[in-house]
Amino acid sequence: MGYALALARDIVQQAIVADDKEPWAYLAQAMTAFATRDNVLAMAAISQAVAINPNSAFAHGQLGLAHANGGRAADAIPCIDYALRLSPREAFLGDFQFYYAMAYFQGANYELGLSYAREAHRLRSGHAVPLVIGTACAGLLDNQEAATDLLGRLKSLVPDITRDAVGATSSFVHAEDRARLVEGLARAGLN
């Protein structure tokens, strides 16, 4: 684990000790868990955030992301749907579109994954991961036009990106999901 991640984990723990009724501390804990592919911790932390604030659209969206990362696309979609019902004009709409892209990629629905990844990119153009997911979906669909477009956008954000680096850092827990991600990127033309 890198220094920054270890530091983040320690600070999150201090925040939880300082106020164990603050849902954002648990959501921050989940984000560190995503970075280490600890889906058990992510689910526990987000579940705690939801228990503290059942009306938190962001927490329900994060629950969907945790399910997608953990290989449970079918469980992810209703959580994200619920988040959007709680807050249809959500400030985190770009994130929610990204969570859908992750879930649809994980569930091998590459058409919807591509569509949601494009929308997530439109809403948050500086966020590289929706472009990774969209590029991989386009590659797996053999949609060369979309693959070329998205890969170009991705490389403009992260010029030295490689598919090996993506595979090594992806938040997908299961190796087969990371392997499909890398395969999609390869088919899209990423080295």
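This is a predicted model: local features need pLDDT of at least 70, side-chain atom pairs count only at pLDDT 80 or more; totals for chains, interfaces and linings use all residues.
**Stop 1: helix α3**

Select residues 39-52, which make up helix α3. How far apart are its end C-alpha atoms? They are 20 Å apart, which agrees with the 20 Å that 14 residues should span at 1.5 Å a residue. Now colour the buried residues of α3: N39, A42, M43, A45, I46, A49 and V50.

**Stop 2: Q29**

Stay with helix α2 and pick Q29. Is Q29 buried or exposed? Its relative accessibility is 13%, so Q29 counts as buried. Leave out residues up to four places away in sequence, and Q29 touches V12, Q13, I16, L41 and A45. A45 is also one of the buried residues of α3.

**Stop 3: the largest nonpolar core**

Next, show the largest nonpolar core, a set of 60 residues. Which members touch the most other members? They are I46, F96, F105, I133 and L181. Helix α6 (residues 93-106) gives the largest share of this core, 9 residues. In soluble globular proteins, nonpolar side chains tend to be buried together.

Centre on F105. Setting aside neighbours within four places in sequence, F105 is in contact with Y110, G113, I133, A136, C137, L140, F172, D177, R180 and L181. Keep D177 and R180 on screen for the next stop.

**Stop 4: a buried salt bridge**

R180 and D177 form a salt bridge, with their closest N and O atoms 2.7 Å apart. Both residues are buried. They sit 3 residues apart in helix α11, so about one helical turn separates them.

**Stop 5: R122 and E119**

Move to helix α7 (residues 110-123). Here the side chains of R122 and E119 meet in a salt bridge at 2.7 Å, N to O. This pair is also 3 residues apart, about one helical turn. R122 is exposed, with a relative accessible area of 58%. E119 counts as partly exposed at 27%.

**Stop 6: R187 and D142**

Finish with R187 and D142, a salt bridge with its closest N and O atoms 3.1 Å apart. R187 lies in helix α11 (residues 175-188), and D142 in the loop between α8 (128-140) and α9 (144-157), so the pair ties together parts that are 45 residues apart in sequence. R187 is partly exposed at 34% relative accessibility, while D142 is exposed at 55%. The whole structure holds 6 salt bridges.

Methods. Residues are numbered from 1 along each chain as its sequence is written. Side-chain values use heavy atoms; hydrogens and water are left out. Helices (H or I, at least four residues) and strands (E, at least two) are DSSP runs, numbered from the N terminus. The expected span of a helix is 1.5 Å times one less than its number of residues. Buried means under 20% relative accessible area, exposed over 50%, partly exposed in between (1.4 Å probe, protein chains only). A nonpolar core is a set of buried Ala, Val, Leu, Ile, Met, Phe, Trp, Tyr and Cys residues joined through side-chain atoms within 4.5 Å. Contact means heavy atoms within 4.5 Å. A salt bridge is a side-chain nitrogen of Lys or Arg within 4 Å of a carboxyl oxygen of Asp or Glu.
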